[in-house]
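Here's a quick walk through one model, from the whole chain down to a single side chain. Have a look at it first.

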Amino acid sequence: MPKYRNSGEKMPELTLDELDFQIIHGLQIDPRVRWVALADVLGVDAHTLARRWERIEAGGAAWLTALHGVKQLDALALIEVDSFPGQVLRAAEAIAVLPGVASIELSTGACDLFVTLFAENDDALAGFLLEQIGEIPEIRGVRAHLVSQVVREGSEWTVQALSEAQARRIPAPRPPRAGAAKHVDPRLAIALRETLQDDVRMPVGELGRRVGISAQRAADSLARLRQQGLLQLRADMSERFTPYPAVNWLFLQLPAPRVASALEKIISVKAIQFAAVSTGPANVILAMGARDRPGLLSAEIGLAQLVPEMEVKSRMTMLRLYRHLGREVNGFGSVRPGSGTTTAQPASTF
């Protein structure tokens, strides 16, 4: 596998080799997999894997995140934003501080910015669209796509560095004990999720101590929330390091009776990083990745041959990720208000 390096001028050079990608793939399957278990799969000692991951994470190539399960969200929207000329970074900076904004992508094609919004409910979603984002002076237009069902989300896509046999050998997350509580108090769920943001791989003893419960209850609650899809742990990569840095969003129209069967075919394609059903003018929205931009056309041709009834209403290409699941990436966090410039720093589809 070729090496991918960070071109940021002010950061130490970081390269990723085959073992690094295998570690990332393993963590994409289970971000809390024990190093000893992954070592058994890869044939490398656990201390080496831990040191490798520390270097990968410190270099900004990949990171772990804890969040509310995307498929369990009550209100999710994908929002196209048009800015006034020369104001795209200022618009992104203003959007980033609004509540519920999960990701912001700088794009070309259908819009200037593509925003993922996690709202508490439909009222909060409506307030965001009708009031909050509309008050940003750098924005000249907004088009929202309301998501009714997420069929594939970003954490289900991997860098495909492990063989199928290796991937199957990675242990599944521990299920809840038979006697564990069937439901986790919502306040405890929030506390666990926020604590894990500091360290997704935090031992349950430390996790319990921080939220004020026993290690056993912490382990049971963590297992139950993951089982119910209420807690999502995921590993993401910067597009500067991923072997699939080119990403297109496709807005498709499919005959309503064929949506379900078409989606089964669509998510069988390894290039598909995200797929959802929308209630807007495009009833299916996809994110498709490739090793380079010419590869995006090849991938779309293959998809059209697999699903000939699909009609592409619009498409856009991701230029750079500005914000991802609450994390400022690619150095855009250092934008000075009014400067329109960024400092070069190291930096994943939703």
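Buried here means under 20% relative accessible area, exposed means over 50%, and partly exposed is in between (1.4 Å probe, protein chains only). By that cut-off His324 is buried, with a relative accessible area of 0%. This is a predicted model, so local features need pLDDT of at least 70 and side-chain atom pairs count only at pLDDT 80 or more, while totals for chains, interfaces and linings use all residues. Residues are numbered from 1 along each chain as its sequence is written, and side-chain values use heavy atoms, leaving out hydrogens and water.

His324 sits in strand 12 (residues 311-324); strands are DSSP E runs of at least two residues, helices are H or I runs of at least four, and both are numbered from the N terminus. Its side-chain partners are tabulated below, where a polar contact is a pair of N or O atoms within 3.5 Å, one able to donate a hydrogen and the other to accept it, and residues adjacent in sequence count only if both atoms are side-chain atoms.

| Side chain | Partner side chain | Distance |
|---|---|---|
| His324 | Ser103 | 3.3 Å |
| His324 | Asp236 | 3.4 Å |

Zooming out, the protein chain has 11 helices and 13 strands, and buried residues make up 53% of its 350 residues.

Now for helix 1 (residues 18-29). Of its 12 residues, 10 are buried, so the helix is largely enclosed by the rest of the structure; among them are Phe21, Ile24 and Leu27.

Definitions and conventions
The expected span of a helix is 1.5 Å times one less than its number of residues.
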